[in-house]
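Here are my notes on the model you sent. Please read them with the structure open.

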Amino acid sequence: MNSFKVRLKFALLTMLMMWGSNFYGQSRSEVRGTVQDVNGNPMPGVNILVKGTSNGAASDFDGNYVIKIEDSESVLVFSYLGFVTQELKVAGRQVVDVVMQEDAESLKEVVVIGYGAVKKSDLTGAVVSLKAEKLEETPSPSVDVLLQGKVAGVQVTQTSGEPGAGVAVRIRGLSSREGSNSPLYVVDGFPYSDAGNLKQLNPNDIASIEVLKDASAAAIYGSRGANGVIIITTKSGKNNQKAKFEIKAQTGFQMVDRDRLNLITDPLTFASISNETLENDTRNVTPLYVGAVDPSTGVYYPSLLEIADGSWGINTDWADVILREALTQNVNIGITGGDDNTAYAVSGNIFDQTGVLIGNDYQNFTFRGRLDQKARGGFKYGTNLALSYVKRNRTQSGFGIGRSPLIPVFNPDGSYFTNGAGDFFNPVMLANEVTDVSNEYDVNALAYIDWNVVKNLNLRAQSGINLGHSIGDYYEPRTTSSGNLFNGVGEINNYTGYTLLNEAYVTYKNTFSEKHEVSAMAGYSSEKRQIRTSKLRGEGFVNDALGNEDLNAAMTRKLENWFQEQTLQSFISRLTYAFDDRYLLTLSGRYDGSSKFGALNKYGFFPSGAIAWKVHNENFMSDQNVVSTLKLRTSFGYSGNQAITPYATLNQYGSRRYFANGTLVTGYGPYQNGNPALQWETTSQLDFGLDLGLFNNRVSITADYYRKESTDLLRKQRLPFSSGFDDVWINGGKILNTGYDLSVDATILQGEFQWNILGTLSHNENEVVDIGEEGVGEGLRTGGYIESFRDYPTRWRNGQPMNIIVGYKVDGIVQSLAEGQEAGLVGDEAMPGEFKYVDISGPDGVPDGIINELDRTVIGSTQPDLVVGLTSEFRYKNFDFSAQVYGTIGNDIVAIKKFEGLRSLNRWTVDNRTNEWPSLRGGRLNKISDWWIEAGSFLRISNVTLGYSLPSETIPGVQNLRLYVTGTNLYTFTRFSGADPEIEGGVDYGTYPKYRTFTFGLNLTL
């Protein structure tokens, strides 16, 4: 201990002496010079650093620089993106000029494109690549969220704040009605059917993410590439590298912005609003808070006077009861390394998150191991193993967040308080007594062999399996509505599924006459998927003591099981050709055969082609130093979508239960009319692209325009009752998406202070060109049914975007009965305080003085006009700071919660004859109208991170140590009055509240 104190005092004294000498002025000299490229062009923005110090400078627009040194033997380090870093000794000189050499390895940066890789500079399709160093700046428990705001043309929506909730990923709009609209995920060559289901993948294991947006890139995945493809490559070890240990630890605190929950917490206000709502009810309902016992429930409700003078004495803040500041812990340990022939990577991750709602938590444990081995004769083989375990504990406690503050949580005896026999919504009871737990297990294993058969010819074969198993336990006791109805109800849900993959392909690459580069790939893929589920249900238990542990004790027992199997076999090919590093051609095709479809259309061919011109390599571009890269691209191709349930082409028989003479019997018979001509949806896409790099690629701009048309939509056609069937699967319909993507990646400042920005902008116009007779008139109903409106909120209509909002237009509030009747309203709808709807049309197409369904029109669209993202990164010495904003512009939201909580205080009354808000009236049958539509545009400060990295070699044996703090979902700029405008589908049902997170993290490399 004494020795440590002596060393500490000596270190502090040394620092003070050094600081003092600098303060009083130490002799310093200047070194100047010019930085040029190999062609003699000046290079602005080159970073110059005195080695071993934080003293730096940057070259100006003419390539000149000036830097101060304290030692004539100092070493200057010159660095610039895409060029080899050079170290030059000053050696007493006052002028040090340097010629920067292009980094051949950097220029040959490869991008994974599916069944191979190409140099980034040789891409002909719309492909975006994100490397690990860009992803690690944003701590995230989800792979999908890493893409938000970083890839133009990709919209990522967090559907809920529930821990482990799914994420909706859309690439260039929606294009399917019954099939999936999510992209295909491919992890280390293994395909996963949908995005948002990658719980077995730890974000810390990712080396790169490639997003294939156009058909030229995605057609290689054939019948599953219509919605784009996201390829993920995990980290691997490196040969001849000593073992490197990485430890990443995070602790986060999450809290809900209660101000956006719009809750009435004042007891007197709550009771007054409740009474007024019932007093205005035309069904002769008696107000509750009158100081009497409600005869229907036997519960005493205090009067407004009792509440006002404090004699009632109960004031429960249900937000405090239900919500909590949740804790998140995330620990990742990884080891990588290798020798001459072996490279390995092993990692483990523990993620533990408690939800902001009581009774909710989520744990995820993952392990990944990767081994790559070289052998004689040009052989290389390896394995990749991933294990995952997830435990979810869900809750229904959120239902009680708007509960009356005039009732307590518990009775005096400690039992749960219920507001009468029909009250099953005590949130604490729901959190503690309802069981809703799932345990999920996943295993993914892949083995490969890679063989250089002869020079320029390579064979790769791989086999893999993905095995998933889950068990869900569910029980509702008698204190819940379902439990009360059935005297306790319990379930056990089992799922087991696996996917087997076998693939082999050969690749030939060669260069002829130094100008003709050719690459050809051909291969075969076979995939089999099987799913088996079972559901055990019991109803009617003697008591709730055992929950669902003994379903055999139930009075009524039910059993359901389900089996599904599907296979896919494919032939794949791709040809690329480059002439003189100027003109590029890519042709690809995939021939898919799927068991989902009948004999008439079991196979389909999905071709694509793309060309590109590297304008910057032309002779006429050699005498300028502004444009570093200029590439023009165009592509066209076909891809498909087969994401529907198998067996749709077959006539199916099954069991149905019905009553005969008062007895429940089981019968068997046909229940699906098959269609052997059914085939996949086909999406054709035309893309025009531009890649532009300025000032030695210090500014990179990528722009694309696309036209994406989906035909032969998979959908169900209604059948007449005389057929004996409800519907049949058919191909019919067309959807069109057109739009543009724009991204700008720029290094604004280099040197001691660095500033980089990445901006993305996406615009998509969607149109339902034709979905048959269902798209005529009112259109096809979509979205979930809204009970308070007795209607569906969105429609598909020919000639309109998908998921438009159809309803009435409102022209203020009725101020008198005469005004209501004059507006064509009748009955209760003509009363003062009601909505005054606009008479738009009648049977003859002109207004007829009557408000009915003929007056419904398009009043909004749930799809945004623009999706934007901006990431700004700053570095100064050992500090780093980044901020990211993300948002959508131009979309509408059906705000069905608009007239609840505090907003109901704006109501129309005799003393407040507002023309904007209706009166409070129980029993009102609302109509979907533009009054309920709000602008869903928002701009969110989604992530802010401040970090500090200790200088290398500060601590012996430590290669890197970075400490940081991150704020997530910090603030949202929006006019939307609900809790959160980031809503998938455009309808605010009041989902699980999202939260603000503050995370403290540490990254350590040994």
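1. Is glutamine 86 buried or exposed? Glutamine 86 counts as buried, because its relative accessibility is 19%. The cut-offs are these: buried means under 20% relative accessible area, exposed over 50%, and partly exposed in between, with a 1.4 Å probe and protein chains only.

2. A word on the basis. This is a predicted model, in which local features need pLDDT of at least 70 and side-chain atom pairs count only at pLDDT 80 or more, while totals for chains, interfaces and linings use all residues. Residues are numbered from 1 along each chain as its sequence is written, and side-chain values use heavy atoms, with hydrogens and water left out.

3. Glutamine 86 belongs to strand S6. Helices (H or I, at least four residues) and strands (E, at least two) are DSSP runs, numbered from the N terminus. Neighbours within four places in sequence aside, glutamine 86 touches Leu76, Val77, Phe78, Val98, Val99, Met100 and Gln101. Contact here means heavy atoms within 4.5 Å.

4. Now the sheet around that strand. Four strands form an open sheet in the order S3-S2-S5-S6, with antiparallel pairing. Strands S3 (56–58) and S6 (86–89) are at the edges with a single partner strand each, so one side of each has no neighbour in the sheet. On average, neighbouring strands of this sheet are turned by 25° against each other, direction ignored. Axes are lines fitted to C-alpha atoms, for helices over the stretch in contact, and angles run from 0 to 180 degrees between N-to-C directions.

5. Strand S2 (residues 47–50) pairs with S3 in the antiparallel sense, over three bridges. Two strands pair if DSSP finds at least two bridges between them. Leucine 49 stands opposite glycine 56 in S3.

6. Check helix H5 (residues 267–279) next. Its 13 residues should span 18 Å at 1.5 Å a residue, and the end C-alpha atoms are 18 Å apart, which agrees. The expected span is 1.5 Å times one less than the number of residues. Buried residues in H5 include Pro267, Phe270, Ile273 and Leu278. Helix H6 (304–308) is part of what covers the buried residues of H5.

7. Two asparagines deserve a look. Most residues other than glycine have a negative phi. Asparagine 487 has a positive phi of about 60°, in the loop between helix H9 (481–486) and strand S26 (489–512). Asparagine 487 is partly exposed, at 41% relative accessibility.

8. Asparagine 696 also has a positive phi, of about 55°. Its loop runs between strand S34 (681–694) and strand S35 (699–711). Asparagine 696 is buried, with a relative accessible area of 16%.
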